[in-house]
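Hi,

Here is the structure I promised to pass on. Have a look, and then read my notes below.

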Amino acid sequence: MDDIDRRLLTLLQQDAGLAYAALGKAVGLSAGAAHERVRKLRDRGVIRRTTVEVDPRALGLGVLAFVMVESSAWIGDSAAAFAAIPEIEEAHIIAGSASVFVKVRTATTEQLQDVLRRLYAIDGVSGTQATVSLETFFERPPSAAPQNPPLAG
């Protein structure tokens, strides 16, 4: 991946609906060349999907919680059970005292409590610890910029 690919990714993360002509102009390529670059990024799995970012509060989902899920046995094969709970936005196997870390959005704390009940129904789940977010400073997608830019000499 070169600097042009990284710039294309950054532009697409800001607005996935940009026309190839606009993308090409922004990075110094023709529309066709920009389209080809984006296609190759998709083919290589760099771009996994194109989506729309929706404000959860506009959907009435004002409760954001992060839940540490404890288990009495290995639950690394339980991805489908976690995915079956639609309020769970992300689920990660983690190291430490808990086994799984999940991000949950609901409309009310009562609905959050219901999600916790459904988590306990998953085989191997022995406990949960939920932390409710009071405010989100920011959320951002992964950066396409190089993590260690060269130092100016």
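Which residues does Leu9 touch, not counting those up to four places away in sequence? They are Met1, Leu41, Val46, Ile47 and Ala144, where contact means heavy atoms within 4.5 Å.

Before the rest, some housekeeping. This is a predicted model, so local features need pLDDT of at least 70 and side-chain atom pairs count only at 80 or more, while totals for chains, interfaces and linings use all residues. Residues are numbered from 1 along each chain as its sequence is written, and side-chain values use heavy atoms, with hydrogens and water left out.

Back to Leu9: you'll find Leu9 in helix H1 (helices are DSSP runs of H or I with at least four residues, strands are E runs with at least two, numbered from the N terminus). Leu9 counts as buried because its relative accessibility is 11% (buried means under 20% relative accessible area, with a 1.4 Å probe and protein chains only).

Leu9 is also one of the H1 residues, along with Ile4, Asp5, Leu8 and Leu12, that meet Arg37, Val38 and Leu41 in H3. That contact is made up of 6 nonpolar, no polar and 2 charged residues (Ala, Val, Leu, Ile, Met, Phe, Trp, Tyr, Cys and Pro count as nonpolar, Asp, Glu, Lys and Arg as charged, the others, Gly among them, as polar).

H1 turns up again in the lining of the largest pocket, where H1 gives the largest share, 4 residues. That lining splits into 18 nonpolar, 8 polar and 14 charged.

Cheers

Methods:
Buried means under 20% relative accessible area, exposed over 50%, partly exposed in between (1.4 Å probe, protein chains only).
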